Amino acid sequence: MDNISKPIVFIQRIESFSACHRLHSPHLSNEKNADIFGKCNHPNGHGHNYKVEVTLRGPVDPETGMVINVTDLKKYIEESIMSVLDHKNIDKDVPYFKEHASTMENISIFIWNSLKGNVGDLLYEIKVHETDKNVCWYRGESQALV
């Protein structure tokens, strides 16, 4: 059976993690950072209870009936997201953020890049809820809007 005749299904797993960060770009002066990020640029940082939604898209394997074994997906999320970000100071504990401001946009890109090696082309979307009102999603470079 070829991929054309296999149904394409979306599958999603949602996890939560707690972390602190300071909105501060290493590419800007302290004054410019303070102007742009305001109270979120406090030198000691601040914390969030993030929610991350990992969405995969792919064909249903006719033998297993799955796009991916959810047990495997849970393991990949633990390795790529939870063990790296949960209860961490994102700016100090995650090397990527030495050169990138720890915005929810950059956190989404970081998570995408971290998971991509394990799930490959099945990865469809990363959605990061920084608060109940602030949400960002990323679908990788190949799916970026033109």
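Biologist: What does serine 80 touch, leaving out residues up to four places away in sequence?

Modeller: Serine 80 touches Phe110, Ser114, Leu115 and Asn118. Contact here means heavy atoms within 4.5 Å. Keep in mind that this is a predicted model: local features need pLDDT of at least 70, side-chain atom pairs count only at pLDDT 80 or more, and totals for chains, interfaces and linings use all residues. Residues are numbered from 1 along each chain as its sequence is written, and side-chain values use heavy atoms, with hydrogens and water left out.

Biologist: Why is serine 80 called buried?

Modeller: Its relative accessible area is 6%. Buried means under 20%, exposed over 50%, and partly exposed in between, with a 1.4 Å probe and protein chains only. The value of 6% falls under 20%, so serine 80 is buried. Its place is in helix α2.

Biologist: What makes a stretch count as a helix or a strand?

Modeller: Both are DSSP runs, numbered from the N terminus: helices are H or I with at least four residues, strands are E with at least two. This chain has four helices and five strands. Along the sequence they follow the pattern β-α-β-α-β-α-α-β-β.

Biologist: Why is the pair of phenylalanine 97 and phenylalanine 110 called tilted?

Modeller: The angle between the planes is 55 degrees, and the centres are 5.4 Å apart. Phenylalanine 97 lies in the loop between α3 (90-93) and α4 (104-119), and phenylalanine 110 lies in α4, so the pair ties together parts 13 residues apart in sequence. Ring pairs link Tyr96, Phe97 and Phe110 into a cluster.

Biologist: Is phenylalanine 97 buried or exposed, and what about tyrosine 96?

Modeller: Phenylalanine 97 has 4% relative accessibility, so it is buried. Phenylalanine 110 is buried too. Tyrosine 96 stands at 23%, so it counts as partly exposed.

Biologist: What makes you say that the charged end of lysine 127 sits over the ring of tryptophan 137?

Modeller: The charged end is 5.2 Å from the ring centre. The rule asks for NZ of Lys or CZ of Arg within 6 Å of the ring centre and within 35 degrees of the ring normal.

Biologist: How many disulfides does the structure hold, and why is cysteine 20 in none?

Modeller: It holds zero. A disulfide is a pair of cysteine sulfur atoms within 2.5 Å. For cysteine 20, the closest cysteine sulfur is in cysteine 40, 13 Å away, which is too far for a bond. Cysteine 136 is in no disulfide either; its nearest cysteine sulfur, again that of cysteine 40, is 15 Å away.

Biologist: What joins the side chains of histidine 24 and asparagine 33?

Modeller: A polar contact of 3.5 Å. The term covers a pair of N or O atoms within 3.5 Å; within protein, one must be able to donate a hydrogen and the other to accept it, and residues adjacent in sequence count only if both atoms are side-chain atoms. Histidine 24 lies in the loop between β1 (8-21) and α1 (30-37).

Biologist: What makes a set of residues a nonpolar core?

Modeller: Its members are buried Ala, Val, Leu, Ile, Met, Phe, Trp, Tyr and Cys residues joined through side-chain atoms within 4.5 Å. The largest core here has 28 residues, and Val54, Ile81 and Leu115 are among those with the most contacts inside it. Helix α4 gives the largest share, seven residues. Valine 54 is in contact with residues including Ile11, Leu73, Ile81, Leu115 and Ile126, leaving aside neighbours within four places in sequence.

Notes. Phe/Tyr/Trp six-rings, centres within 6.5 Å; stacked < 30°, edge-to-face > 60°.
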